[in-house]
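Dear colleague,

I am passing on the structure below, followed by some notes on what turned up in it. Please read the notes beside the coordinates.

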2 protein chains.
Amino acid sequence: MPNIKEIAKLAGVSVSTVSRVLNNHKYVNEQKRAKVLQIIEEHNYVQNSNAVHLSTGKTKVLGVTLPMVNNQYYSTILEGIAAEAAHHDYKLMVCQTNNSLEHERSILQLLANKKIDGLIMFSRANSCDTLTEYAEYGPIITCEANDTTTVSSVHIDHYQTFLIGMEYLIQKGHRRIGYCLGRKNSFNSQHRKRAYEEKLRSVGMTPAPEWAFEDCVTIQDGMEVASKLMQLENRPTAMIVSCNHIAAGLYKEASRLGLNIPQDIAIIGCDDQPIGELLEITTVSSSSNRMGRYAFEMLHERIVNQGKVWEKEEQVLLPVLVERNST
Amino acid sequence: MPNIKEIAKLAGVSVSTVSRVLNNHKYVNEQKRAKVLQIIEEHNYVQNSNAVHLSTGKTKVLGVTLPMVNNQYYSTILEGIAAEAAHHDYKLMVCQTNNSLEHERSILQLLANKKIDGLIMFSRANSCDTLTEYAEYGPIITCEANDTTTVSSVHIDHYQTFLIGMEYLIQKGHRRIGYCLGRKNSFNSQHRKRAYEEKLRSVGMTPAPEWAFEDCVTIQDGMEVASKLMQLENRPTAMIVSCNHIAAGLYKEASRLGLNIPQDIAIIGCDDQPIGELLEITTVSSSSNRMGRYAFEMLHERIVNQGKVWEKEEQVLLPVLVERNST
DNA sequence: CTGTTAGCGCATTCAG
DNA sequence: CTGAATGCGCTAACAG
């Protein structure tokens with residue numbers, strides 16, 4: 001496997017000229033360009049990317065952190081990013097963090113190591129301070145709201161999402177409303193919870209602890225909520241659930257245990273996963289794919305214009321109620 | 001941001017000593033090691049990965065190609081790989097190919113470019129010849145059977161899978177059996193189809209073209225199959241479906257259109273997606289997660305022992321029937 | 001145990 | 001339009 005030097009020698013030109021041909025610079029004599037191309041072809045020359053990376057200081061690779069790969073919500077965002085990335089010839093380093101602080105930090109470190117040009121974080125375990133610290137090494141975009149003064153984000157308005165869901169349930173006559181949330185301490189969950197409580201109080205109800213389910217992440221978790229609901233004396237008449245797949249678990253298990261939906265219990269979800277559509281679950285939805293695309297665009301802008309001073313920017317996606325048959 | 005040279009100067013040692021400290025080599029005076037570490041700390045030194053990559057010829061990055069990220073079957077394999085990769089400190093470059101020849105080829109090219117140390121292909125669009133050609137640049141593992149003489153694979157025995165499914169349906173008394181397959185020309189599909197036809201003929205039936213559905217990839221595709229089935233005069237009494245999410249689409253839409261399952265039509269799927277479990281769809285399952293783990297292990301062995309001559313190896317996962325309520 | 005030195009392969013001024 | 005020379009930051013063989 002020859003390198004650029006050998007190609008230069010064989011073509012009877014300098015390495016700079018080969019480099020120019022490789023990078024499609026103009027101002028190269030057509031004869032020479034052709035000759036270089038021919039030699040490259042004949043000798044199966046391929047560029048060593050690592051040398052290019054070292055020399056240019058860029059890799060055209062973006063990092064993406066997400067708690068788990070095998071989750072429709074995240075993989076839909078990922079698909080949005082992947083589509084845009086492919087379009088701009090960027091590769092994606094996809095890193096599952098399992099919400100581990102250390103693991104996530106090791107990804108942030110890739111930015112410092114120049115292994116990636118930028119980072120998109122779907123979810124975040126480390127503190128805003130840590131985030132700010134690493135943002136000095138390269139652009140970061142979060143797909144959640146964050147409290148830093150420098151790190152931009154694109155996110156769904158989770159407060160609005162729950163507000164819309166709650167208003168809808170209340171207008172349907174529900175008063176005993178429960179909820180399922182994901183990671184208890186995430187920004188997303190906190191905003192959702194606040195909307196839930198405010199709205200419930202606004203109709204004179206006091207949020208009951210036994211109607212609150214947190215740390216629901218998998219379909220299985222949704223199913224367990226159903227079992228727990230069955231044991232309640234004062235069961236809620238409606239549940240607002242942060243993700244469609246959890247809503248799906250709740251839906252199916254509640255049905256199996258004999259509850260009629262929506263008569264005995266109404267269920268409303270909060271994203272746009274196919275499983276929600278399949279089971280015809282009402283949802284307050286935003287486009288995860290679109291979120292991914294925006295995230296890429298914001299990151300890309302910042303990578304291309306590294307010199308510019310970037311203000312913090314927040315792209316907020318507004319949710320829309322999609323009424324189906326579970327409410 | 002200082003480099004290794006400046007750290008060396010500040011610590012009063014040579015760059016080699018700093019390098020040794022960085023790479024945890026033994027035979028470094030404890031005093032000097034401590035001093036170097038201190039200077040590194042004080043000056044926020046971070047290694048430039050690209051220089052390391054160039055120098056060592058390795059990146060500790062693995063490529064993964066899959067047709068689409070947003071598919072439970074693939075993301076479950078991916079999760080298996082991700083778990084093992086994290087354990088061995090490898091990063092994953094995840095590339096969506098959309099089954100495009102060119103796009104997939106551009107990923108194979110990463111191997112030649114030394115941007116990745118090895119490649120796992122969940123699915124493959126390019127020819128076996130192309131595969132063989134690129135395998136000279138670095139190890140490749142496919143998660144499908146392949147006809148090369150050098151590229152190893154770990155795959156589900158799709159022939160057996162369909163055979164088991166067909167035997168089960170036949171034993172249940174079904175004779176008019178139809179199928180849904182994914183990409184028409186993939187290896188997987190061909191094996192499945194062969195099992196289907198052989199088994200059906202073995203009970204004296206002739207495969208009917210109108211019972212055959214190909215290029216089913218999404219839930220939506222499954223739903224469309226249901227509509228088409230409704231229009232048949234001589235509708236099959238059972239369907240064997242290559243993926244659970246397609247089976248799920250078929251299941252729900254068929255129900256919605258008034259068919260009782262399994263009385264009017266039995267449905268059997270062929271993997272271990274959560275949606276199949278949720279809808280209680282009978283399936284012939286293999287562990288996709290395990291497949292991912294094997295794939296990583298095989299690839300890792302080959303990367304670590306690059307010198308060794310590797311024979312082609314095929315890890316075959318045997319499927320198991322999981323009986324549920326759709327048959 | 002340590003330092004010197006020669007690459008790794010390419011991009012990019014700077015002259016011409 | 002072209003080439004020589006320098007640098008990117010680190011590893012590793014080699015000599016001591």
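The sulfur of Cys216(B) lies 4.3 Å from the closest cysteine sulfur, that of Cys180(B), which is too far for a bond, given that a disulfide is a pair of cysteine sulfur atoms within 2.5 Å. Cys216(B) is also buried, with a relative accessible area of 4%, where buried means under 20%, exposed over 50% and partly exposed in between, using a 1.4 Å probe and protein chains only.

This is a predicted model, in which local features need pLDDT of at least 70 and side-chain atom pairs count only at pLDDT 80 or more, while totals for chains, interfaces and linings use all residues. Residues are numbered from 1 along each chain as its sequence is written, chains are lettered from A and ligands numbered from 1 in the order in which they are written, and side-chain values use heavy atoms, with hydrogens and water left out.

In chain A, the sulfur of Cys270(A) is 8.1 Å from its closest cysteine sulfur, in Cys243(A), again too far for a bond, and Cys270(A) is buried at 7% relative accessibility. Over all chains, the count of disulfides is zero.

Turning to Ser189(B), this residue sits in helix H9 (residues 187-202) of chain B, helices being DSSP runs (H or I) of at least four residues, numbered from the N terminus. Ser189(B) is buried at 1% relative accessibility, and, leaving aside neighbours within four places in sequence, is in contact (heavy atoms within 4.5 Å) with Leu181(B), Gly182(B), Arg183(B) and Lys184(B).

Best regards

Key: Helices (H or I, at least four residues) and strands (E, at least two) are DSSP runs, numbered from the N terminus.
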